[in-house]
Amino acid sequence: MKKWVLLLGASAFLAGCDMMGGATEESQPSESSESSAETSESVSTEESSQASSSEASSESSSSESASTSGEEVTTQFPLVPQKSEIDQGFTLENDELLQEIQLRMSQTPELGIENDVAIHFTGLFLGEQGQDNVQAVFIVVNRTDMAMTNIDLTVSMSTTDGAVILDKAPFTLTEDSFGILEPDTVMPAYFKVPMENQETFFSVSDLSKVTYSIDSFDFDER
């Protein structure tokens with residue numbers, strides 16, 4: 001299945017961080033076209049829950065994308081596609097969404113948080129506004145010495161003036177679909193935006209005015 005991606009906002013870099021959390025609904029494949037671009041903050045797991053387990057699936061569909069402007073910087077953490085993407089033949093060499101994520105990573109001075117797991121919102125999304133298939137594209141950065149799978153997390157996302165996009169929304173990244181999050185690697189994650197919150201999500205034009213956090217985080221250690 002061909003992947004399609006839309007871009008949200010203007011153009012910038014990944015930024016920010018929050019913590020590890022726990023539980024999920026599956027992402028559904030989506031289709032779409034094109035728009036403008038921007039990025040955001042990151043969220044880590046320092047103050048979150050201890051490791052455990054869970055399951056479900058975070059499937060993606062993605063990819064016509066525009067590139068962002070900016071100077072490249074060096075990052076030591078490789079981007080690894082989800083297992084489901086690899087199974088469908090999507091790679092960093094042939095998939096425009098993965099290439100766009102990698103570009104934004106290369107323009108970011110620092111990813112994640114040392115000895116922790118963090119998420120960054122990329123400013124990208126999958127799906128079509130008004131349809132029940134819109135997914136915000138995040139990356140998960142593992143800067144611990146543990147390999148993790150069957151990750152259950154809850155994620156909150158809102159504007160700085162309090163309009164809610166995700167409210168402790170549960171997501172599960174199963175080993176069958178997501179794969180294994182190895183130490184010092186980055187993987188994409190696709191978090192579904194509820195229909196009732198899409199208007200707020202699509203109204204975002206300045207990603208510095210978006211906040212997000214991991215509220216709970218559980219996983220199986222590999």
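Which residues are buried in helix 2? They are Leu97, Leu98, Glu100, Ile101, Leu103, Arg104, Met105 and Ser106. Buried means under 20% relative accessible area, exposed over 50%, and partly exposed in between (1.4 Å probe, protein chains only).

This is a predicted model: local features need pLDDT of at least 70, side-chain atom pairs count only at pLDDT 80 or more, and totals for chains, interfaces and linings use all residues. Residues are numbered from 1 along each chain as its sequence is written, and side-chain values use heavy atoms, with hydrogens and water left out.

Helices (H or I, at least four residues) and strands (E, at least two) are DSSP runs, numbered from the N terminus. Asp95 caps the N-terminal end of helix 2. One of its side-chain oxygens lies 3.4 Å from the backbone nitrogen of Leu97.

The structure holds 6 salt bridges. A salt bridge is a side-chain nitrogen of Lys or Arg within 4 Å of a carboxyl oxygen of Asp or Glu. The table lists some of them.

| Asp87 | Lys83 | 2.9 Å |

Glu110 lies in the loop between helix 2 and strand 3 (117-126), and Arg143 in the loop between strand 4 (135-142) and strand 5 (148-159), so the pair ties together parts 33 residues apart in sequence. Glu110 is exposed at 53% relative accessibility. Arg143 is buried at 13%.

Asp87 and Lys83 both lie in helix 1 (residues 83-87), 4 residues apart, about one turn of the helix. Asp87 is exposed at 54%, while Lys83 is partly exposed at 37%.

Definitions and conventions. Polar contact = N/O pair within 3.5 Å; in protein donor to acceptor, adjacent residues only side chain to side chain.
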